[in-house]
Amino acid sequence: MGMVQVCLDRQSNQEALEYAEANKARNLAELIAQKQEIPKTLTPITFSEITQLLTPNTALIEWYITDAEIITFVLTYPDVLTVHRNRQCAELIDLANEYRTAYKQSKTDWQKQLATRLQRLADILQITTILPPSSTRLILIPQWLLHLFPLHALPLTDGEFLLDKYLEGIQYAPSCQLLQQITIHPNFDQLLALQNPTSDLRYTDLEVASIAPKFAISQILRGDEASKTNLLEKYLDQLENAHCAHFSCHGSFNPDDPLKSFLILSGGIVGEEPPQPPLLRGEQEEEFIKVPVVSNQEPPQPPLLRGEQEEEVIKVPVISNQEPPQPPLLRGEQEEEVIKVPLSKGDLGGSDRYVEWRAGKTADINKCLTLADILLLQFKHCRLVVLSACETALIDTQNRSDYIGLPTGFIHAGAMGTLASLWAVNDLSTALMMVKFYELLQPGVSIGKALHDTQRWFKSAKTPDLVSWVQESDSFDGDRRKPILKELKGYNKDEKPYGDVYHWGAFCAIGL
């Protein structure tokens, strides 16, 4: 039995919460120590310090999961702590395993079952029983498997969701301790944005172009310009002094090695063929020859006539043993030399800088912004980092006390808050939500409140509401409106194009 349970059994609820926090702090400190020569000191937080995070309208819910039970700490202003314990841990583990398996096997089937699984989670957590009744703002501190789910989108009763109950917004935090160390940055007129570094996202250009004019000063790194070298060398000062850093790109979380989680920058996608390791001194780069695809050793074909298509050409590199069958040599050709390149498990091209990404593509993390890179940054005035990409809010769920992910890294580096996603998001709905979010993020409005209002609006908006907004909003000019309106024409007037939780529920506001 752990110390948290020992404290609870002897009715020392405040001490139990302190132990739960201490477990999280230890894991973060260990990870940071791997990367920083002089890591920041994370001293244990006391119950009295935790209560200072609250305002009269704010409540805090923190979960702690053991082998046998789900423990929920509910803290309301000024210092009222209630503890709920239920023994449905096995049910939670089964649900999480089912959820992850479905997500990996078929995103379409996973999406169809998302609402049903969130209802099951609400029942397991007994969410309607534990909620504080009089608060209008909520801070959520998940643990372990709960980091997988959009808790703000848990269904309640009568068609309502958790975010419908807390009208001042819902914000997540990795821990009370990290929340306590956040520095307030009030200014919000300098933007640094990375726009579509891989040039394969249709609506990211629209997204960034619509957001940039809202800032007095903006530095946009577009396409090939959005490289790691440029970001961390040429534009490092602008990045660390920006009030808002917006990454509109691809992202991925690495559960086996969180420090290698990354945002893909220009040149970060290698392609479908595993890259080869760097040449040793004195070696020569292997030659690639184009060999026509030959069927049944047919002789070479005559020149193409107008309108004909050129025969397919494949690259035949110098490969190790167990190479695929080679086509017959053409007359006068010589058989190419074979060089063996050893590969280890999980190692592409003999180097751990290459990781399998998705759809058969490979990422070169030396050209991506990794969590290890982020922990070395020093944000001086950053109110917000927006990770407008896939799976940027995920963390390592193999370790119960871990809450290490990209948002944690940015907050530890000095950012006041982050927006990040829990799954692979839709390009268009994400772009539109980002535009709406920035419209609502007015002076005096918190990040959690702006995201809350954005999500509620998209959840309820029918096709005419979306069309009117796109037509009337100053965020869109004529050229940007056309492709959006064309997409919206495909929906009936009574439909809610983005009413499914998949579209509106992916993003979380993390921090302050």
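1. Lining of the largest cavity. In this predicted model, 15 residues line the largest cavity, and His 147, Tyr 172, Ala 393, Ile 395 and Ile 510 are the ones nearest its centre. Its volume is about 180 Å³. The lining divides into 13 nonpolar and 2 polar residues, with no charged ones. Helix α14 (406–412) and strand β19 (507–511) each contribute at least two residues to the lining.

2. Second largest cavity. Two or more residues come from each of β5 (170–172), α16 (447–460) and β19. Of the elements, α16 gives the most, with 4 residues. By class the lining has 7 nonpolar and 4 polar residues, and again no charged ones.

3. Asn 196. This residue sits in the loop between β6 (190–195) and α10 (204–211). Asn 196 counts as buried because its relative accessible area is 6%, under the 20% limit. Its side chain reaches the backbone nitrogen of Asp 200 at 3.2 Å. Leaving aside residues up to four places away in sequence, Asn 196 touches Leu 201, Thr 204, Asp 205, Gly 223 and Ser 248.

4. The model has 14 salt bridges. In the one between Lys 228 and Asp 373, the closest N and O atoms are 2.7 Å apart. Lys 228 belongs to helix α11 (residues 228–234) and Asp 373 to helix α13 (residues 371–374), so the pair ties together parts 145 residues apart in sequence. Both Lys 228 and Asp 373 are buried.

5. The side chains of Lys 449 and Asp 453 meet at 3.3 Å, N to O. The two residues are 4 apart in helix α16, so about one helical turn separates them. Asp 453 is partly exposed, at a relative accessible area of 26%. Helix α16 also contributes to the lining in point 2.

6. Other charged pairs. Asp 477 and Arg 480 form a salt bridge through their side chains, at 3.6 Å from N to O. Asp 477 is partly exposed at 32% relative accessibility, and Arg 480 is partly exposed at 22%. Elsewhere, a network of salt bridges links Asp 9, Glu 69 and Arg 85.

Terms used. Residues numbered from 1 in each chain as written. Predicted model: local features only at pLDDT ≥ 70, side-chain atom pairs only at ≥ 80, totals over all residues. Heavy atoms only, no water. 1 Å grid on protein atoms, 1.4 Å probe; cavity = no way out; pocket = protein on both sides within 12 Å on 5 of 7 lines; lining within 4 Å. Points joined across faces, edges and corners; volume = space filled by probe spheres on them. Nonpolar A, V, L, I, M, F, W, Y, C, P; charged D, E, K, R; others polar. Buried < 20%, exposed > 50% of the residue type's maximum accessible area, 1.4 Å probe, protein only. Polar contact = N/O pair within 3.5 Å; in protein donor to acceptor, adjacent residues only side chain to side chain. Contact = heavy atoms within 4.5 Å. Salt bridge = Lys/Arg side-chain N within 4 Å of Asp/Glu carboxyl O.
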